[in-house]
Amino acid sequence: MATKKQTAAAKRNVKKAQKAAKDQRTIAHLPKSTRRELGRQAARGRARGGKAGRTLEDRNREQLYAEAKKRGIPGRSRMGKWELIDAIRADR
């Protein structure tokens with residue numbers, strides 16, 4: 001059984017690891033062209049009021065995943081946005 005000191009150290013280590021992982025996922029570490037495109041996609045989403053766009057490119061990954069799930073596309077959980085778009089178009 002772990003002592004109180006060991007338990008506290010383990011909690012600190014977990015929090016430190018979570019913070020490090022979160023810091024690595026920031027947009028600031030992405031290439032400038034990717035950041036620019038993400039900004040454009042966000043602006044289009046705000047203009048639509050958060051509703052799904054008419055074209056597949058205007059939808060976010062979660063909306064595309066829901067569409068793929070509705071169509072029963074296999075392997076959808078491992079696909080990224082652009083793979084989902086290709087799979088949905090192939091299923092049409």
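1. In helix α4 (residues 81-91), K81, L84, I85, A87 and I88 are buried (under 20% relative accessible area, with a 1.4 Å probe and protein chains only; exposed means over 50%, partly exposed in between). They lie on the same side of α4, because the arc they cover around the axis is only 170°, taken from the directions from the helix axis to the C-beta atoms.

2. The model is predicted: local features need pLDDT of at least 70, side-chain atom pairs count only at pLDDT 80 or more, and totals for chains, interfaces and linings use all residues. Residues are numbered from 1 along each chain as its sequence is written, and side-chain values use heavy atoms, without hydrogens and water.

3. The exposed residues D86 and A90 sit on the face of α4 turned away from its buried side. The cover over the buried residues of α4 includes α2 and α3 (61-71).

4. Along the principal axes, the C-alpha trace spans about 60 × 35 × 25 Å. Buried residues are 15% of the 92 residues.

5. L30 lies in the loop between α1 (4-24) and α2 (32-48). This residue counts as partly exposed because its relative accessibility is 33%.

Methods:
Helix = DSSP H or I, 4+ residues; strand = E, 2+ residues; numbered from the N terminus. Contact = heavy atoms within 4.5 Å.
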